[in-house]
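Please consult the sequence and structure below while reading.

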Amino acid sequence: MKKALVIIPNLLIIGFILVFIVGYANSKAKESNRNVIEAYEKMTLTVDQIIANYLEDEQHLCDIWSNYVNRSAEAGTPMTAEEAISYIRKAKISPEISGHLIFMDDPGRSGISTAEKTGAPGNYAVSYKNVSIFENLDSVSNVDGVVNITRAYTNPMNGIQSIAFMNYVQVLDPDTGDLRTGLLMRVVPISLLEQKLVFLKGEYENVEISIVDQDGDYIIRGKSLKNSNFFEYFKSYNDVSIEEYEHIKNEIIGGVGSVTIRNSKGEECMISYAPFESLKVWYLLAYIPKNDLVESRVVDWLLLGTVSVSLFLLLIYNFVILMIYNRKLSEAAEQARQANEAKSYFLSTMSHDIRTPMNAILGLNEMVLRDSHDEAVLGYSENIRMAGNTLLGLINDILDFSKIEAGKMEIIDVDYSFVSMLNDLVNMVQKKTEDKGLAFHLDIDGEIPSILHGDEIRIKQVITNILTNAVKYTKEGSVTFSAGYEKIPDRTDAVILKISVADTGIGIKPEDMDRLFRAFERIEEKRNRNIEGTGLGMTIAQSFLVKMGSRLRVESRYGEGSVFSFDLEQNVVKWDPVGDYEDAFRLSLKERQSYQEKFTAPQAKVLVVDDTPVNLTVFSGLLSRTKMQIDTAESGSEAITMYQNTHYDVIFLDHMMPDKDGIETLAEMREKKETPNDGTPILCLTANAISGMREMYIKAGFDDYITKPIDPDRLEAMLLQYLPKEKITLTTEEAAEKNAELPEFLYHLEAIDVRTGLTHCGSGEAYLATLKRYLETATKNADEIEKLWAAKDVKNTTIKVHALKSTSRIIGALALGDCAAGLEAAGDAGDTKTLERELPKLLTQYRKLAEALAPLNESDEPAGDDERPFITGEELSDAYRKLTEACANFDFDSVIRVAQMLEAYRIPEEEAARVDAIIKAVDNFDYEMIPEIITGKG
Amino acid sequence: MKKAISILLCISMVISLAACGAKTPAQSDSEGGFAPKLDANTDCSITVAGSYDNFEALEAEFDRFNEIYPNVQLSYVKLDDYNNILATALEGEDKPDIFFSYASMIGNDKYAPVFAHMEDLSDASLGLDLNCIRSGLINHDAEGHVMMVPVFSRSYGMLVNNDLFEKEGLSVPTTWTELMNVCEAFKGKGYASPMMGYSQGSSSCLMYTVAYPMFAATLAGNPEALKMANDLDPAAGEYMRPALEAVEQLIQSGCIDLAECDPIEDNYTQVILRFFEGDVPMMICAGDTVSGTKKRESQSEAFTAAPFTYTFSPIPLTEEGGYFIDSPSVEFSVNKDGEHLDMTNEFMRFLITDSELNKMASVKRLVTPTADLSFDAVYAPFGQVPSERIISPEVLGIKDPLTVQIRVAAYQVGKGEITVDDAVAMYGTFE
C-alpha cells in the first residue's frame with residue numbers, strides 16, 4: 001500500500017479535527033466577543049452618561065455664577081466685572097478651576113481672571129485674542145441646563161489644557177455706567193475630566209476616552225489616537241473607500257455602536273462611540289486595543305496545540321506500526337511473489353515437459369489409430385486420443401489462467417475471417433455433439449461482415465469454452481450456436497457481435513450463478529464429478545471478455561438448460577456478408593465425411609529439428625503417408641549444418657533444446673547468406689503452449705508455429721500452406737476417386753457404416769477387399785454357427801460369434817457387431833436361453849448382410865497398384881509368432897488383429913500363399929488351423 | 001520511512017521558522033542601532049508642546065520609542081497662541097518637557113523666559129548626535145551652546161508636474177533662460193499661467209518665495225550689505241533690486257498670471273489642491289506647503305483620478321540655476337526644568353539621528369535637516385544643488401526684520417502696487 005494512502009487521509013482527518021476545533025472555538029469566541037463588545041458598548045454609554053452628567057454639573061455651576069451676576073443686574077444693582085470675578089473667586093471651591101470674564105466686543109477679547117497669570121504675580125488680565133475657541137459662540141444659551149462648552153484649549157493664564165463652560169452675564173461698565181455683556185467662563189482643566197474616568201481602569205486597563213466635536217476634532221484625546229482630528233487619523237491608517245469612510249463618519253457622529261479600526265501601528269482596535277445627548281456637538285469615543293477585548297476568546301491555543309501534537313504523535317505511532325506491518329507484509333508478499341514465480345516457472349516447465357511426452361503419446365497414438373485395424377486397439381487408442389486431448393485442454397486452461405492471474409494476458413487484435421473462425425468452432429463442437437448424440441443447431445446471421453478486426457484467438461477460445469461447457473453439461477437434446485450482429489449508430493467502422501450458445505443441459509441453480517465465474521469452482525461438483533474440467537473455463541472466458549470490454553451473460557433454468565451470451569464490439573475490415581453459413585457448413589460436412597489425408601508430396605523435402613528422438617519419430621510417422629522426404633536433426637548445430645548444405649522446402653525447429661535453442665538456431669540460420677535455404681519458411685515446433693506464444697515466435701523471426709503434441713490435421717494444413725504448390729498432389733480428389741470405386745449401394749446399406757469401415761481399414765481398397773472376404777466367408781460361417789449351435793457346442797458357438805462380432809465391426813456393420821457381442825456375452829455366461837432366442841436373429845441379419853453385399857462379387861477388381869508397404873521378414877516372423885501364441889491361448893481377438901495387420905502389408909511372393917491361407921482361416925473362424933498353416937511352413 | 005522523517009522534519013522546520021518569525025521588541029530595538037541608557041521599564045510621561053495642530057510624524061516616533069521604553073507615555077500637545085503662551089506654559093504646573101522653538105526667537109527679548117528654560121543640547125554628556133544635522137542649520141549662541149535642534153528645515157522653490165512636462169515634450173528648466181523658454185512654450189500650448197502660487201496676502205506669497213532666495217544670495221557675498229540690510233538701512237534697498245526685478249519679469253512676461261493665482265485662497269491646502277488639478281506645470285511655494293502634499297493626494301479627486309509624479313525644485317533664478325535656502329523650520333528645545341529630564345534627553349538622543357529625523361521628515365514630507373536628501377524623491381532636486389548655491393540664512397546672520405522687508409516689497413511689486421524703484425527706496429519702511 002502506498003504510504004501516501006495512509007498519510008494523506010490521516011493528515012486530512014487531523015486537519016479536519018483541528019479545523020473543527022478552531023472553527024468551533026472561533027464560533028464560541030465570536031459569540032463571546034460579541035458579548036464582550038456589547039458590554040464594552042454599554043460601558044461607553046455609562047461613561048457617556050457620567051461625562052454628560054459631569055459637564056452638565058459644571059455648566060450648572062457656571063450657570064449659578066452667571067445667574068447670580070445677572071440677577072444683580074436684573075435687580076438694578078449690576079456688578080462690575082471686578083465684582084463679578086470677586087464673587088466667583090469666593091464662590092468657587094476647587095483651586096484648579098478658574099473663572100474668566102471677558103468681553104467679546106473688545107478687540108483683544110480681554111477680561112479678568114479669578115487666578116493670576118503663572119509667572120506674573122498680580123496679573124489677572126486675560127486675553128483670548130489668539131485663542132480660537134469661540135466659533136460656536138452664537139449658540140451659547142442662557143437657558144439653564146444647556147451646556148455651552150469650548151473645545152480643549154490652552155488656558156492663557158497658566159498654559160494648562162482646559163475646557164470652559166460659558167454663559168453671558170450683564171455687568172456694569174464703570175467707565176460708562178452702562179451695562180455691558182460679558183462672557184463668563186468656568187475654566188476647568190482637562191485633567192479633572194480625565195479623573196472622572198479613572199474608575200474604568202479596573203475593568204478596561206487600556207481604555208482611552210476621547211471626545212470629539214462634530215468635525216472629529218478632539219476635545220479630549222486619548223494617547224493612542226493621533227492627529228488633531230479623529231477622522232484624519234482614521235483615514236491615515238485605514239485604507240477605506242470614500243463611501244466606507246463617509247459611512248463610518250456618519251455612524252460615529254450621531255450613532256451608538258462600535259467599529260474596529262487599525263491604529264497607527266497597524267493593530268486592530270475597537271472604537272465604541274456614543275453622542276452626548278445633552279451637548280449635541282460632542283461625541284464620546286472609547287478606544288481599546290482589540291486584543292484586550294477579545295483576550296477571553298475561547299480558542300484555547302494550549303488545547304489546540306496539545307491536540308495537534310497528540311494527533312501527530314498518534315499519526316507517527318500509527319505510521320511506525322503500519323511500517324512494521326508493511327515490512328512484514330512486504331516480506332510475505334515477496335515470499336508469495338517468489339512462490340508465484342516458482343509457480344509460473346513450474347507451469348512453464350510443466351507446459352513444456354508435459355507436452356513433450358504428450359507429443360510422443362498422441363503422435364504415436366495417432367499412428368496406431370491410422371495403422372491398426374484391431375477394433376479393440378482402435379478403441380483403446382481412441383480413448384487415449386480423447387484423454388490426451390482432454391489433458392491438453394486442462395493444461396491449456398491452467399496456463400491461460402496463470403497468465404491472466406499474472407496480468408500478462410494481452411489482447412492482440414488482427415484482421416480475421418469470421419467464417420474461418422466459425423469453421424474452426426463448428427468443426428470442433430460438431431464432433432463433440434455427434435459423439436454425445438446431441439443435435440447441433442446453427443443460427444448464423446448471413447449479413448455478418450466477413451472480415452473483422454479483433455483478437456480472433458481469444459474470441460475463439462471464449463466461444464470454444466462456452467460450447468464445450470454446453471456439450472459437457474448436456475446429456476440429451478441440443479446445443480444451439482447463434483451469431484448475429486448489430487450496427488453501432490454513427491459508426492461505420494465497427495459492429496457489435498452478438499454471440500449466444502443455448503443448450504438443453506442441466507442448467508444452473510440461481511444460487512449457483514455467483515460461483516459460475518469463480519476460478520476452480522465447479523457447480524454441483526457431486527453431480528458432475530464425471531465431467532472433466534478444471535473449473536477454469538468460464539473464469540477464463542469472462543476474463544477475456546472483460547479484457548475486450550464485454551461480459552458474459554448467463555440465463556438458466558435449472559433442469560431445462562442455459563443460454564450463455566455476450567456482445568462484443570469488433571471493427572469491420574470488410575463489410576461483405578458471410579452469406580448462408582449453414583448451407584456451406586452442411587456441404588463441408590458432407591465433404592468431410594469422405595476425407596482422408598490431404599496430400600502427398602514425394603518431391604518435397606522437410607527438415608525437422610528436435611532434441612527428443614521420439615518426437616522425430618512421431619513427426620516422421622505422422623507424415624509418412626505424405627511420402628515427403630523427411631530429414632531429422634537432434635540439435636541446433638546439426639540443423640544449421642544441414643541448413644547450409646541441403647535445400648528444404650520447410651524447416652520445423654524445436655524451441656527448447658539444450659546448447660542452442662530454437663530461437664538461437666533460427667537467428668544463426670537467418671544470418672547465413674547464400675544457403676540453399678534462403679527464403680525457406682522456418683516454423684517453430686514447440687511444447688510451449690502458453691497463450692500469446694505465437695506472437696512471441698513470430699516476433700522472434702519464425703514464419704509460423706505449431707505446438708506439441710502435434711495435431712496431425714493442423715500439421716498437414718500448415719504444410720499445405722508452406723510447401724511449394726508444384727510439389728503437392730492433393731489427395732482429396734484421389735481419395736474421392738478411390739471412394740468412388742466403392743460401389744454406390746454400400747452407402748445406402750443401413751447395416752453398414754462405410755465411414756467406420758474406411759477408418760478401420762485405412763483405405764477404400766483395403767475396405768473393399770475386407771468386405772469381399774467377409775462376403776466370401778459369410779455363408780459358410782453362418783452355416784457353421786448354426787451347425788455348432790444345433791450340436792449344442794456352446795463354447796465353439798461363442799468363439800464363432802466372437803469372431804463375427806470383430807469382423808462385423810471392422811467392416812462397419814456395427815448393429816450386427818453389437819448383436820454378436822451380446823450373444824458372445826450370453827455364450828460366455830452359459831445363457832443358452834438367450835442364444836436360443838437371439839442366435840437365429842443374428843444369423844438372419846448376417847445372411848441378410850451377405851445378401852446385401854452380394855453385388856460385390858459382381859463388381860470388377862479395383863484399378864490401381866498395390867500401394868501397401870512391403871512387410872519385412874522380421875515383422876512377418878513376429879506376426880507368425882504372435883498368431884501361434886494367440887491361437888494357443890484362444891485369444892482370437894489378437895489373432896484377428898494380427899491378420900488385419902498382415903493385410904495392411906504387401907507380402908513377399910514366397911509367403912503370400914501362407915498369409916492368404918491364414919487370413920482365410922481367420923475369416924472362416926478356423927483358428928485351430930492357423931498353427932498348422934504356420935507350422936507347415938516348416 | 002524516509003518520507004515520514006522528511007514530513008516530520010518539514011513540520012518541525014515550519015514550526016521553528018514560525019517561532020523565529022516572532023520578533024521580540026528588544027531584537028528590533030537593537031536593529032536601529034540605538035542603545036538605551038536608562039532602565040527600559042522606566043515609567044513616566046513626557047509631553048512635547050508645539051504649534052502644529054497635529055504632529056503624526058512625531059507621534060510615530062513616540063511609538064517607535066515605546067518599543068524600547070514601553071512605559072514611557074509620550075504625548076504631543078498643541079498650545080493655543082503658542083508664541084505667547086509658551087513662556088507661561090513653561091512656568092505652569094503642566095510644563096512641557098520638549099517644546100517647539102524657532103530661529104526667529106533668537107535675539108527676541110520676548111522669548112527670554114523661554115530661553116531661560118532651554119537646556120544646552122551641545123552638552124557632550126547628553127550624547128546627542130548633532131553632526132547628523134547639516135551644520136548650516138544649527139545655531140550656536142555666543143557661548144557655543146545649542147539651545148534648539150532643528151527637526152525640519154524649510155526652503156523655497158516650486159512644485160513641478162513632471163508628467164505634464166513629459167506630456168508636452170518639455171524639460172524641467174535649470175536656468176533662467178530655460179525657465180523663460182519653457183513658460184513661453186507652455187503658454188503657446190494654452191497654459192494660461194505656467195507658474196502659479198499663492199498671491200492673496202504677503203505671508204508665504206509666491207513673490208516672496210521667488211524674491212527671498214535671490215535677495216539672500218545677493219547679501220551672502222557681501223557682509224557689509226548684510227549688516228546694512230539687517231539694520232534696515234534704506235541704502236540696503238538696492239540689494240533687493242535683482243530679486244524684485246525677477247519677480248516683476250516673471251509676472252510681466254506672463255510666466256505668472258496673477259488673475260489665475262488670485263482664486264487660491266490660502267498658502268497651504270488650496271495651493272496643493274490647485275496643483276493637484278494637474279494643469280499647473282510649476283507651483284511656487286515653500287517647503288512647508290510641500291509637507292501637506294502627501295496627505296492631500298487622496299483628498300484631491302482630480303489627483304486620485306489622474307495621479308502624476310511631481311518634485312520640489314529650486315526656482316532657476318539665474319543662468320547658473322536656483323538657490324537652496326537652507327533654514328531651519330521647526331526646532332526642538334528641551335525644558336531643563338522638566339520632571340523627567342533624563343528620559344527627555346534619552347528621547348532626544350533617540351530622535352536626533354539620521355534615520356529617525358529622515359523618517360519623521362518623510363512622514364511629514366518636510367525637508368529633513370540631515371545631510372541626506374535623497375530618501376524622499378520629491379526633494380531629490382534640492383540634493384543636487386551644488387554647495388556654493390546653498391545658503392543658510394542662520395549662518396549668514398539674516399534676521400527676521402530683513403525678511404519682512406523683502407516679503408512686503410516683493411508682494412507689492414508683484415501686485416503692481418509699487419515699482420521696483422519705489423520698493424528699493426522704501427527699504428526699512430515695510431511692515
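In this predicted model, helix 22 (residues 794-811) and helix 27 (residues 892-903) of chain A have axes that come within 10 Å and cross at roughly 35°. The crossing of helix 22 of chain A and helix 27 of chain A is right-handed. Helix 22 of chain A contributes A:Ile799, A:His802, A:Ala803, A:Ser806 and A:Ile810, which meet A:Phe892, A:Asp893, A:Ile896 and A:Gln900 of helix 27 of chain A. Sorted by class, the residues in this contact are five nonpolar, three polar and one charged.

Chain B touches chain A through 25 residues of chain B and 23 residues of chain A. On the chain B side, two or more residues each come from helix 1 (2-21), helix 3, strand 2 (72-78) and helix 4 (82-91) of chain B. Helix 4 of chain B gives the most to that side, with six residues.

Helix 3 of chain B covers residues 56-68. At 1.5 Å a residue its 13 residues should span 18 Å, and the end C-alpha atoms lie 19 Å apart, which agrees. Buried residues in helix 3 of chain B are B:Glu56, B:Ala57, B:Leu58, B:Glu59, B:Glu61, B:Phe62, B:Arg64, B:Phe65 and B:Ile68.

Note on methods. Residues numbered from 1 in each chain as written. Chains lettered and ligands numbered in written order. Predicted model: local features only at pLDDT ≥ 70, side-chain atom pairs only at ≥ 80, totals over all residues. Axes fitted to C-alpha atoms, helices over the stretch in contact; angles between N-to-C directions. Helix = DSSP H or I, 4+ residues; strand = E, 2+ residues; numbered from the N terminus. Left-handed = near helix turned anticlockwise from the far one by under 90°. Contact = placed C-beta atoms within 7 Å. Nonpolar A, V, L, I, M, F, W, Y, C, P; charged D, E, K, R; others polar. Expected span 1.5 Å × (residues − 1). Buried ≥ 20, exposed ≤ 12 C-beta atoms within 10 Å, placed from the backbone.
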